[in-house]
Structures are given as structure tokens and as C-alpha cells.
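Here is a short briefing on the model shown below.

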Amino acid sequence: MAVVGRYLRVYQQFLSSSLSEAMSFRAHFVLLIVMDSLFYLTTLLSVGFIYDHVELIGVWGRWEFLFFVAFMLTIDQIHMTFISQNFWQFSRDIVEGKLDFLLLKPIGGIFLVFFRRIRPATIFTLFIPWGTLLYCGIEIELSLFSWLLLPFFLLLGLVLLVSLEILISLSMFWTYQSIGINFLRMQFQSVSRWPDFVYRHYFRKVFTILMPVLLIGSAPVHFLIDREWLPLVGMFLAIFVCWVLINIFWKLGLRRYESASS
Amino acid sequence: MSVLVLEARKWAQTMSIAFSDRLAYKFDFVLYVLGPSIVFFFIKYNLWVSIYSYQTESVIKGYDLGMMLQYQAWILIVSFLAQGHTSLQLAEDIRLGRISSYLLYPFSFWQYHTAAFFSLQVIQIFVATVSLMVLVLAGLLPVNLDLLIQGVFFSLLVGLLWFAFQFTIGLLAFWLEETWVLRVMLMLVAQFLSGAIIPLELYPDWLRSLLLYTPFPYLAYIPVKIFMGEYDASYLQTLLILIFWIGAVFMLARFVWRRGLRLYSAAGM
């Protein structure tokens, strides 16, 4: 318990320093809100425009599909607020050797590297994805049981997304320039924003088993809508495997890391 | 030696440096510059195949599956030919006070970045050619030489418009700590309003009519329609409108540059 308390107190400091930093650049703060809002609106409108001309995509009608998209955007909103910035910072820290100073601190390295920076501006855009998620949930008449599971599934999706992204980011220890790895990470995110049935046979298998980004949204939403439970098991398994690999590659990466002075 | 030859040498030399700079980290280049367009195409390809496989009607707003995939494949080619990535380094030059160095060079700030843009265009043309060959061999794209020449010409001009937009955004680094947010906003708005995600025929009529008064359809929809041989408006008129937009955005860039220089304090000098 004492350890958890210590981590929470450190995280409180992260929140406080990130907020102070964000308020120092107010124009940037406002632009971030506009950028995120544009992203959510253009994504939702694109799906809406397609459904003006078709009845179904795969097996889902407009509201089921929009529920899925809103589910993914909600995960994205939490991810953008609390995690995303750290991956960009990690690549800079490795290249510039700033990781040395982080590794010296008396707290878990992975926690410090991937959870240190928070983007408060994104909190202000929460009403778009969350509002859409709730509205679509009402439209598709989610059961009380599904509503109760929804927050837990959002968290589960976020955990899998972050786990996969940390695993991908650890490859930065082996590359000289890391901006490309960040773009690779974002491309996997793009793939995950569409339901699994959109992808053709082999691609679906690759993105469900080898790089299970399709489980992030498809597994929970299939359970909520179609009561398919098997993908959920796969999701738990994927999270477990990811963390085993993260622990291995983090240690190997640190051995590979040459620090600022070399 | 004439001034013209000396000037041409400077441009060639700068392009060569920018070329090497771009390709210094090839894996990074592939993931950063080519990856997003390829993944964007991959998702849309799968999405539209999935949509059509569940429809009772085989034509949506004049597009059957073959035409829709063709549309998306041409979007990929246009994105390679036209979309630049200029403003990142440009903004850093301003933010880190590096534009003072250009005062010592025999080449101005805008000349350097324009030459860098041209060198990237050379790489992008090569990538577009290879992609086109793959798509033709895969049976996704038919090739008509006349339309291909017209489409490539138009797309390269669209590249200038993208460059003008990105140059202007990069210059806003005189006022802003970070300009990447504006770059992403431009990408989001442009992708949505240019028809890069879905053809403009699928948009509501009022929005499509409104968009024709903006530069956005010129960034993707119109070049693709030219490639597909389905553009029935006057080419000359379209060309003049595109040139107007390029000129207008460059004028804006010039204005922003002059205003920005008044603020510039040459950090690190």
C-alpha cells in the first residue's frame, strides 16, 4: 500500500507540473483543443456520410458502428490526455541522452518514462467522444449490464493499447532516429479504429493475433453488442504477453542504451 | 560564368544536401513519410471492400467497387506526388534561432526550403512511380497515358499549393512555441474536405457546393478525377483557379514572414 501511495503522490506532482507547463503556452493549449475536436468531428462525420448511402457496414447499422467509433475515440481521448505525449518525449530522451537523469530517480523507470507527461488541454474535448458514446449506447439500447461493463471495458482497451505502444516504443533503443517508430505506433492506432470485420481474412488474423490492435475495440464492443466472449479472453492474454515482453525488452533496451556521454 | 549558371548550381547543391539529409535514416523516412499514406490506403481499401460485400445495390452514388478502389488508389498516388513535409524543419529553424545563419549563406531562407521541397518531390515522384506500377500490375488501376500526364502535371501543381500552406504554417513559429498542431489541423481538415477519405459525391449537396469555393477539392478530389478521366469542367479554368490559390497562399506567407521578422530576436547569437 505504501508503494502505491508513493506512486500516487508522484503522479499528483506530474499532473501539477504538466498543468503549470500547459498554462504557460496558452495559444498552444487552445490550439490543442481545436485540433482534437477537429479529429473527433471529422472521424464521426466521415462515418455518418457513408451511412447516408448504405444500410450496413459488415453486420452493423449506423448506431452500432458509431458506438464502436465513439468507443475508440473515447479510449483515444484518455490516451491523448494521459499517455500520448510520453512516447514523443521518450524518443527525444533517448536521442539526447536525457534518459540518464530519469533512470537515476528512485522510482520505476517504465512509470517515469511513460506516465510522466500529461496533456491537460485534451480533457476539455471529452464531451465529444463521451457524449457520442453515451448517445449511441442509448440508440442501440445497451442493457444495464453492458452499461455497467462499459467503463471497465474502456479501461481494458486503454491498457491493451498502451501496452502495445510501450512494446513498440521500446524498439527506439535500437534505432538511431525514433520519429518513424512514433509514426508506426500511430498507424497501428489508425488500424485499430475500425472494427475487425472490416479487414480481410489474413489481415484480420495478423492484427488480432500477431499485433493484436484489433482486440482493443472489437473485443469489448463485440461483447457489449453481440455477446461474443472469446475475443475478450484473447484481450487478457494479449495484455499479459505484452507485459512479459515489455519487462524483457526494457531490460535489454537499457543494456543497449549508450547514454548521453557516449 | 553567367549568374544564371551559378544560381542553378546553388539550387542543385542545396537540393543534393536536402536529398541526403532526407534519406540519411531510410527506415525512419519510410515510416514517417510513406507509412501514413500506405496505411491510410490499406484501411480504406479494406473498408470499401467490406462495405460493398454487404450491399444489395452494387453502385453507391455512381461508384461500383472497382471504381471506388480506383478512386482510393489514385488518392494514394496524389498524396505521394503532392503532400510535402516542409514546415517541420522550417519551424525549428525559426524557433531555435537558426535563421540568422541564413544571413551568412549565399542562399536565402525561402530558397533553402524551396530547394528542400523540390528534392523531396524528386523522391516522392520515384515513390509514386513505383506505387503506380504495383497498382497497375495488381489490376487496380488502368493507365491512359494522356490522363496520366495531365494528372501528374496537376498533382505537381497541387504539391506547390501544399508547400505554400505548410510554408505559411511553419512561419507561424515566429509567434507560436509549437506549429505541429497547426500542421495536424491542416492535415485533418484537408483530408476530410478534399475527398481524400470518401469521394465528395457522398457528401451532402450543400457542403459539396460550398467546398467548390475553397482550395480543398483541388488537393485530392479534382486531381483524382483527372486521373480517372471523369473531370468534365474546363481544364484551363481549373488550372487558373489552382494558380490563384497558390499565389494567394504564397502572398500570405510573404506577409507573415515580414511581420514575423519584426519579432525575431536571433536566439543564441
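Over all chains, the whole structure holds 11 salt bridges. The model is predicted. Between chain A and chain B, however, the count of salt bridges is zero. The area buried between these two chains is about 3500 Å².

**Salt bridges in chain A**

- Asp36(A) pairs with Arg119(A) in a salt bridge, with the closest N and O atoms 2.9 Å apart.
- Asp93(A) belongs to helix H4 and Arg116(A) to the loop between H6 and H7, so the pair links parts of chain A that are 23 residues apart in sequence.
- Asp93(A) is buried, and Arg116(A) is buried too.

**Salt bridges in chain B**

- Lys225(B) and Glu230(B) meet through their side chains in a salt bridge of 2.8 Å, N to O.
- Which residues are linked in a network of salt bridges? They are Glu201(B), Lys225(B) and Glu230(B).
- Is Lys225(B) buried or exposed? Its relative accessible area is 4%, and under 20% counts as buried, so Lys225(B) is buried.
- Glu230(B) has a relative accessible area of 33%, which makes this residue partly exposed.
- As background, side chains of opposite charge can pair when their charged atoms come close.

**Contact between chain A and chain B**

- Chain A brings 40 residues to the contact, and chain B brings 38 residues.
- Carbon and sulfur atoms give 80% of the buried area of about 3500 Å².
- Met35(A), Phe49(A) and His53(A) supply 16% of the area that chain A buries against chain B, more than any other three residues.
- Four residue pairs are in polar contact between chain A and chain B, both residues being at pLDDT 80 or more.
- Helix H2 (26-51), helix H9 (179-192) and helix H10 (201-210) of chain A each supply at least two residues of the side that touches chain B.
- Which helix gives the most to the side of chain A that touches chain B? H2(A) does, with 13 residues.
- By class, this side of chain A has 27 nonpolar, 10 polar and three charged residues.

**Helix H12 of chain A**

- Helix H12 (residues 230-256) of chain A has 27 residues, which should span 39 Å at 1.5 Å a residue.
- The buried residues of H12(A) are Leu232(A), Met235(A), Ala238(A), Ile239(A), Cys242(A), Ile246(A), Trp250(A) and Gly253(A).
- What covers the buried residues of H12(A)? The cover includes helix H4 (84-96), helix H5 (99-103), helix H6 (109-114), helix H8 (144-169) and helix H11 (215-226) of chain A.

**Glu139(A)**

- Glu139(A) is placed in helix H7 of chain A.
- At 35% relative accessibility, Glu139(A) counts as partly exposed.
- Glu139(A) and Thr43(A) are 96 residues apart along the chain, and their C-alpha atoms are separated by 19 Å.

Note on methods: Residues numbered from 1 in each chain as written. Chains lettered and ligands numbered in written order. Predicted model: local features only at pLDDT ≥ 70, side-chain atom pairs only at ≥ 80, totals over all residues. Heavy atoms only, no water. Contact = heavy atoms within 4.5 Å. Buried area = accessible area lost by both parts, 1.4 Å probe. Salt bridge = Lys/Arg side-chain N within 4 Å of Asp/Glu carboxyl O. Polar contact = N/O pair within 3.5 Å; in protein donor to acceptor, adjacent residues only side chain to side chain. Helix = DSSP H or I, 4+ residues; strand = E, 2+ residues; numbered from the N terminus. Nonpolar A, V, L, I, M, F, W, Y, C, P; charged D, E, K, R; others polar. Expected span 1.5 Å × (residues − 1). Buried < 20%, exposed > 50% of the residue type's maximum accessible area, 1.4 Å probe, protein only.
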